[in-house]
Structures are given as C-alpha cells and as structure tokens.
Amino acid sequence: MAHRKPNLPEKVCPVCSRPFTWRKKWERVWDEVKYCSERCRRQRGQAPQDKQE
Ligand SMILES: [Zn+2]
C-alpha cells in the first residue's frame, strides 16, 4: 500500500447538506443511503409524508 487513494464515493446529505463518504457499513446498501447519519435520516423522516399543502 503506497498511497492512500481517496477513491471512495461521496454523497450529499439532503438534511444537513454536508458531503459524506462511503463507509464500510454501507457497502451493501450504498445505493439506498441518502443521509449522512441515522440522526439526519430520522430528522427527515419526521416530516409528515401526507400532503398537507
Ligand atoms: Zn446529514
């Protein structure tokens, strides 16, 4: 291993607008990962999905 190649994919969390990097624990679900953390995920999930407008 000569150099570390930061060749990991990245996404931007729609909740906190921060980029986050691929993690080992997401290797199987990376396609479905949308939020940087469980916290953001829940925060997003709190919004009622019903149409209230
Ligand atoms: Zn986030």
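**Confidence**

pLDDT is the predictor's own confidence in each residue, on a scale from 0 to 100. I checked that first, since this model is predicted: local features need a pLDDT of at least 70, side-chain atom pairs count only at 80 or more, and totals for chains, interfaces and linings use all residues. My numbering starts from 1 along each chain as its sequence is written. The protein averages a pLDDT of 85, and 81% of the residues score at least 70. I then looked at the elements: confidence is highest in β1, at a mean of 97, and lowest in helix α1 (residues 38-46), at 86.

**Layout**

Along the sequence, the pattern reads β-β-α.

Next I looked up burial. A residue is buried if 20 or more other C-beta atoms lie within 10 Å of its own, exposed if 12 or fewer, and partly exposed in between, with C-beta atoms placed from the backbone. Of the 53 residues, 2% count as buried.

Then contacts, meaning two residues whose C-beta atoms, placed from the backbone, lie within 7 Å. Among contacts between residues at least 6 apart in sequence, 20% join residues at least 24 apart.

**S17**

I found S17 in the loop between β1 (10-12) and β2 (19-21). Its phi is near 60°, a positive value in a residue other than glycine. Buried or exposed? S17 counts as exposed because it has 9 C-beta neighbours inside 10 Å.

**P19**

I placed P19 in strand β2.

**E10**

E10 sits in strand β1. With 9 C-beta neighbours inside 10 Å, I put E10 down as exposed. Which residues does E10 touch, not counting those up to four places away in sequence? I listed P19, F20 and T21 for E10. Last, I looked up E10 and W30, which are 20 residues apart in sequence and 9.8 Å apart in space, C-alpha to C-alpha.

Definitions and conventions. Helix = DSSP H or I, 4+ residues; strand = E, 2+ residues; numbered from the N terminus.
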